[in-house]
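Take a look at the model, then follow the points below.

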Amino acid sequence: MSLIQNPVPWPNGARCAACFTLDMDAESLLYLAHPQTAHSMASAASMLRYGPDVAVPRILDTYRHYGIRQTFFVPGWCAERYPYAIEAMVRDGHEVSAHGYLHEHPNEQSDEGERYWLRRSLAAVQSVTGERSPGWRAPLYRFSHRSAEYLLEEGLSYDASLMGDDVPYLIDTPRGPLLELPSHWGMDDWPPFMHSSELNFEMPIQSAARAWEGWWEEFEAMWECGGLWIPVWHPFLSGRLARWRQTHLMIRKMLDRGGVWFAPLRDIAAHVQGCIAERTFTPRTERPLSLPHALPSADQDTRP
Ligand SMILES: [Zn+2]
């Protein structure tokens, strides 16, 4: 059964590609939400610092155990504050890509503001990894109508902020197409695990097994149809003991099934670009958003 019209020919006949993307936001979220008082929110800060200090070493251990390399997205401020966590990721051959500077939202910036924070984010990540960021994920998926063009301007090879397909697709811009590696909220760990009054996101917390029920359904569908399975997770949430233990067991189950290509998004992007060049994969192309000219504004309302 193939419910995907244009599946990607994955390497070595793999049924699907998979990449755990872990967004190491740490306390950037708290400083963004509460610039004046974040320093006195000790408990919320400790929950977030669990990411770089406890979860990241655990996550890296699991990847080493299974011999897989994956992707971390890191705000520039977090790279500067926790260089040891980023250095450990790089040492093990994982991809580290940029994710804002202080987790600011690109679509709430001015034209120049978005460009400034993008460049500052890229420079901060590069200052620790020693390499240009291969890709990008907008903080809280807040990709703007300018973002695709700005990312191409900076030479990035892919974006991972959007939700428009089950397989990679292209975003058309005046500078050419940007490759999108999509995921969606069903693959995000905030809905099942996040609970914080300080960050105004209070969900009934699910067990790891229950959360994995949904992620496993997504995996089976992608495996069967040739898709791309990208969890959008956070070390401070999914790296918690019982949750990561469950993930450690589930990776074993995925590897035992076979036909899964675990790779960092930078490698998946390079493979997909190769397939597009060889015409073995034809992605959909989307146009970026523009102003809704068809909608009347309040002062043009001509109703009697
Ligand atoms: Zn984030």
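Helices (H or I, at least four residues) and strands (E, at least two) are DSSP runs, numbered from the N terminus. This is a predicted model, in which local features need pLDDT of at least 70, side-chain atom pairs count only at pLDDT 80 or more, and totals for chains, interfaces and linings use all residues. Residues are numbered from 1 along each chain as its sequence is written, and side-chain values use heavy atoms, with hydrogens and water left out.

**The zinc site**

- Asp25 (OD), Asp25 (OD), His99 (NE2) and His103 (NE2) coordinate the zinc ion at 2.0 to 2.5 Å; donors are N, O and S atoms within 2.8 Å of the metal (3.2 Å for Na, K and Ca), and water is not among the atoms, so sites may look incomplete.
- Along the sequence, the donor residues follow the spacing D-x73-H-x3-H.
- Asp25 sits in the loop between strand S2 (21-23) and helix H1 (28-33), and His99 in the loop between strand S4 (95-98) and helix H5 (111-129), so this pair ties together parts 74 residues apart in sequence.
- Asp25 counts as buried because its relative accessibility is 2% (buried means under 20% relative accessible area, exposed over 50%, partly exposed in between, with a 1.4 Å probe and protein chains only).
- His99, at 1% relative accessibility, is buried too.

**Around Ser161**

- Ser161 belongs to the loop between strand S6 (158-159) and strand S7 (169-173).
- With 2% relative accessibility, Ser161 counts as buried.
- Leaving aside residues up to four places away in sequence, Ser161 touches Trp136, Arg137, Ala138, Tyr141, Phe143 and Glu180 (contact means heavy atoms within 4.5 Å).
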